[in-house]
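The sequence and structure come first, and the description follows.

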Amino acid sequence: MSTTKIINRCQALFDDLDFTAVGDWKAADSTRKVIGFMPVYVPREIIHAGGMLPVGILGGGDQLEVIHGDAYYQSYICRIPRSTIELGVTGRLDFVDGLLFPSICDVIRNLSGMWKLMFPDVYVRYFDVPQNYDDEIGGNYYVNELQELRSGLENVAGRAITDDDIRRSVAVYNENRRLIRDLYAFRVRSPWKAPSSEVYLLLRAGMVLPVEEHNQMLVDYLAAAESQDRAMRDNCRIVLQGSFCEQPPLNLIKSIELAGCYIVDDDFMLVNRWLFDDIPLDGDPIANLAAAFLHGSRETAAKYQPDGALKGKYLVESVRDNAAEGVIFAAPSFCDPALLDRPMLAKAMTKHNIPYISFKYAENSGQMQPIREQAGTFADSIKLWSDA
Amino acid sequence: MKCFVGIDLGSTTTKAVLLDEERRILGEGITNSQSNYATATKVAKLEALISTRLNLFRRALGLGDEGDAFLDEMVLKFRHEQFLEQLEDLHQTCAKLITAERFPANAAAVRETLDAIFGRLREESAAIFAPGAARRSDFFRDIAGSRFMRIGEEVAAEAGLSYDIFLNLYDKSIIEVENRPPGDNLSTNFQRALDGVIANAPQFNIDADAAKESLASALGIELEEVYTVGTGYGRVTLPFDKDHIRSEILCHGLGAHVMYPETRTVLDIGGQDTKAIQVDEAGIVENFQMNDRCAAGCGRYLGYIADEMNMGLHELGPLAMKATKNVRINSTCTVFAGAELRDRLALGEQREDILAGLHRAIILRAMSIISRSGGIKDQFTFTGGVANNEAAVEALKKVIEENYGKVTININPASIYTGALGAATFAHRALAN
Amino acid sequence: MSADKTPIEVVKEPSMLKQKAMIAENYRKLTGAPETGRKVVSTYVPGNLNELIMCFDMVNNLPEINAIQNGMRQKSRGMIMEAEKMGHSEDVCTYVKADIGMMAKGNIAPNGEPLPAPDLLLLSYTGCFTFMKWFELLRDEYGCETVMLQVPYEGDGKVTENMRNFVVKQLKEEVIPTFERISGVKFDIDRLRENLRRSAAAEDDLVWVLQSAKNRPSPIDAYFGGVFYIGPIFTAFRGTDDAVEYYRLLRQEIEARIANGQGPITPEGDMGSEKYRLVVEGPPNWTSFRDFWKMFYDEGAVVVASTYTKVGGVYDFGFRHDPDHPLESLADYCLGCYTNRNLPQRVEMIENYMSEYEADGFLINSIKSCNSFSAGQLLIMREIEDRTGKPAAFVESDLVDPRYFSKANIKNRLESYFQMIDQKRQGAAAA
């Protein structure tokens, strides 16, 4: 299968604001249930273990006309909750039997309660995670939260979710994470062969497809991309740091690339790459999920860094490990966590002589000209600097 | 005759409405708000009185709709008389400024030239008020100002004097004149106007004696202003006590109710703000929402767009109506509007398509304010300056149908008077209670 | 939250003088710490552990209170702009920016003396995500030690055993040991119990005062006046004898007002006759606090209940600090703070206030800085309108950024709102 064919499929899934693929999956069997989740991380393994389909709800992008959603929010609040409400009140999320709101900011937190009031028939859970990474303290708390989640999901599924069910699902998701790691490694090696707009669309497809299908898609894409000849351009290599809860318009990613920057690392849809390593298949699966969260998960603006000296270290390492030449900070407008985090990360960049630029975007940003200009200037300046 | 006055002091125009005891509209008047609310109030009320006298005249003469053309003609004549009166005032005011101290060398020449300018202005004024002549504005300042510039430049050049001298005289005088509304000559001007029509327009076939008698009786009716209510942004500056002030939300809701008693939802998009108002079957406001501190989607936004495109505000709608393609504009932020516009143009989008998208964007923004206030209930009344923009109305109708199905949408040609009508109705109610 | 230097010259009740002295004393302790050698901890109002802090003889510095003080003194604008110059986004919380800007401008306390760098940041992460980033930023500036107390959100509208245990465990194993190490004082649970006992006594009187608004006319304004009444209990005084005394005095004063049939005190003396009783959601604006208040009392509008006065603890539904269960009750206190409650709980609480306090209407002051409060308020408004049938209004401003306070705009909406209530009343009376 060609990359074009695969990406076309992903693009169609991405463009479909009615989630037809999910509706079709559900319609195939009347007992099937769908659990939606918002950014940035939920343990999809437990949903999958209950025979249900986890579906990423990532806002409405730049093609959804938001009317009712705007009625619920003041102008100084970001876009993703408005478009998500618009999707809800226009019936586009009627297939959702449960919706998880991860603990990432006050806006998404409050949206969980709004959803309870607006959609009382849906299982709504605010998914809290520990900001304390001690096994006995934050770990215990998190294990119990996961157990509560598990029992809530059992109610939706109408069946028990056993440890073995979870282990089997962990294995499938380990595979998914492995493939995505491979995809990212492939892009680091040969970014001209895996444009970031394609990588992004592949990840988005994973938000609506069953994971088994997504795994096959990733395998196919990697094979096709590997064998395909594409022209290498004289681009610089950058890390894109966006604390992406609200998603960037696809045009933003394309614009950065067109402006002469290869994106060699990013934090799009962190749920895919939240955990660094495979989760062990033996032992207590819930405890394993918890341990992976505490000791082997990524940093992002919504997560506390207990050691001030380590603030921003992960980004410095990403630049180094991926042979990047600079960082582009692209925060969603009105995103408190991302925008408050940015000065600290920027400081770490300065300390390590890593060039960076910053701008804001919204999921429905229409104009890309300023972004093309900034990214283009950045790319040029990096080249000049490295030539000198 | 007892009458009830409503005054709406808006940020750009001031409106006045007079009601009789049966709550029938006697007269409506409008003027620029200018810098001085007190004058604006006076002028608007005077205008309303003029239209009241005309209505009374119409009633006295027993004219139905067939009398419209006749009355229109008479109004023109009346306006002309009034214009001449103000022009004379302006002339005198300018002339007073020509002193020997100011113009030691050429006071006489300046005076002579000024007289010539005003002579020409008077001469050509009949054409300005001729039937069928297009006027961009009915406000004295607008007409007199633009003509003064043209004629002044010519005449000054002929006289070998600097045009700046006259422009300066004009600038110094116009505010003074504007703040001195024409006052006591209403009756004379009306009579002159009637005489003029009878003499020059035999096609109306009017019984001159009956008409003169009717006019005399209409002018003779004493108008007793029993109660006045003020509203609008400038309302705090009105020299009224609190009982005579109502918020523009309440007045707007009631005004729309009076115009269309089945109205339940009112949308007003003005220059400065957007209001969504829900009213009950008696016109009482049940809920209202206004745009938040962000001015996105107000009439002002269209002003920015017009500036950005180097067009007149009133040209935007007609151009947008020519759109053949849907262009989605996401930003109604006035700050970003220019950038988004240029970006779209750079991408090769057509101006009319972009404009149609912008109009839809404004309407979407208004829809979310309506949604915030409780949605749209039948019937729906649309008011404010943007209600005169056909592209905005078209977008509104479409969006309403998409979201609320079939709804009766009322747009009154006199919707600019909605707030003043509500205020006058409050005045009537205040006394009734 | 403090009356200090905000000129309430008309009437100076003993409680006001008392509070003013308490605040001045705390700032004296803070700015004098370098000489006295006392250790300083910075922490937040919601979920503040004053009783525990007192066990270690440390002085309590609350950055929100500094921001409020700077807001009321018209100093916050310059501080915010300073922080924006340093690279902080115009989009984010102005408490944070005022704090960072204050530091950049020498960290001068309201008494004119420099505030010392804290020895410890106690990140009581309760009901607001921004707190976490705020203290990461402060830690970056001060380079001092930070201890985190994560308070889980009541996502399902209740406190579970797991949540309570988590908080207690953090207190026992992280917070208390850190305090012991920094202060050199050994933790004494009996001392904590004594502090909690005093807290509970003050809380009883506070609740009595807040509930006095059920009277007609209400003897207090539970929002504009309320922010003064909650001052001591929300800040560095809960658990002190001073706070007990303050609330005793306050209660006596309010008792007298009820006996005399008096309405609330305003900055211009007693309010005229009570025309509208309102429930208010959201924090006040501090830079135009008096202008804002005046728009209410000039119209005879009194706030009979507010949610902002519950942000540092919800006491009016029965919770008290409990000396018999010291750590557990600290946990319950943190877990129960207003913005740690989910939206359905907030709606129920407001609905309860609307009926219990016989309110005529509901008003939201939506604050740009505070997503914790603001995100979802428009749904809260809709729910309250539907459930109570009472009219609601919505105005917008900011905490300490004067650029976001439009006096004409807010006044226009409030006037329209009061007239709408009038009109509805007349309509109802006519029917």
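In chain A, strand 7 (residues 326–332) and strand 8 are paired in the parallel sense over six bridges. Strands pair if DSSP finds at least two bridges between them; helices (H or I, at least four residues) and strands (E, at least two) are DSSP runs, numbered from the N terminus. Within this pairing, A:I328 has A:I357 of strand 8 as its bridge partner. Helix 13 (residues 336–351) of chain A packs on the sheet and touches strand 5 (236–241), strand 7 and strand 8 of chain A. The direction of helix 13 makes about 170° with that of strand 7 of chain A. Contact here means heavy atoms within 4.5 Å, and angles run from 0 to 180 degrees between N-to-C directions, with axes fitted to C-alpha atoms, for helices over the stretch in contact.

The sheet is open, has four strands in the order 6-5-7-8, and is parallel in its pairing. Its edge strands, which pair on one side only, are strand 6 (261–266) and strand 8 (356–361) of chain A. From one strand to the next, the twist averages 30°.

## Basis of the model

The model is predicted: local features need pLDDT of at least 70, side-chain atom pairs count only at pLDDT 80 or more, and totals for chains, interfaces and linings use all residues. Residues are numbered from 1 along each chain as its sequence is written, chains are lettered from A and ligands numbered from 1 in the order in which they are written, and side-chain values use heavy atoms, with hydrogens and water left out.

## First sheet of chain A

Chain A also has an open sheet of four strands in the order 2-1-3-4, with parallel pairing. Strand 2 (53–56) and strand 4 (123–127) are the edge strands, each pairing on one side only. On average, neighbouring strands of this sheet are turned by 20° against each other, direction ignored.

Strand 3 (residues 98–102) of chain A runs parallel to strand 4 and is joined to it by five bridges. A:F101 stands opposite A:Y126 of strand 4.

## Interface of chains A and C

Chain A brings 55 residues to this contact and chain C brings 59. The buried area is about 4800 Å², with 56% from carbon and sulfur atoms; buried area is the accessible area (1.4 Å probe) that two parts lose on being put together, summed over both.

Seven salt bridges are counted between the two chains, a salt bridge being a side-chain nitrogen of Lys or Arg within 4 Å of a carboxyl oxygen of Asp or Glu. One of them joins C:D140 and A:K347, at 3.0 Å from N to O. On the side of chain A that touches chain C, helix 5 (106–118), strand 4, helix 6 (135–157) and helix 13 give two or more residues. Helix 5 has the largest share, nine residues.

## Interface of chains B and C

Here 20 residues of chain C are in contact with 22 residues of chain B. The area buried between them is about 2000 Å², and carbon and sulfur atoms give 46% of it. The rule finds one salt bridge across this interface. B:K242 forms a salt bridge with C:E299, with the closest N and O atoms 3.2 Å apart.

On the side of chain C that touches chain B, the elements giving two or more residues are helix 17 (377–388), strand 10 (392–397) and helix 18 (407–430) of chain C. Helix 18 gives the most, with ten residues.
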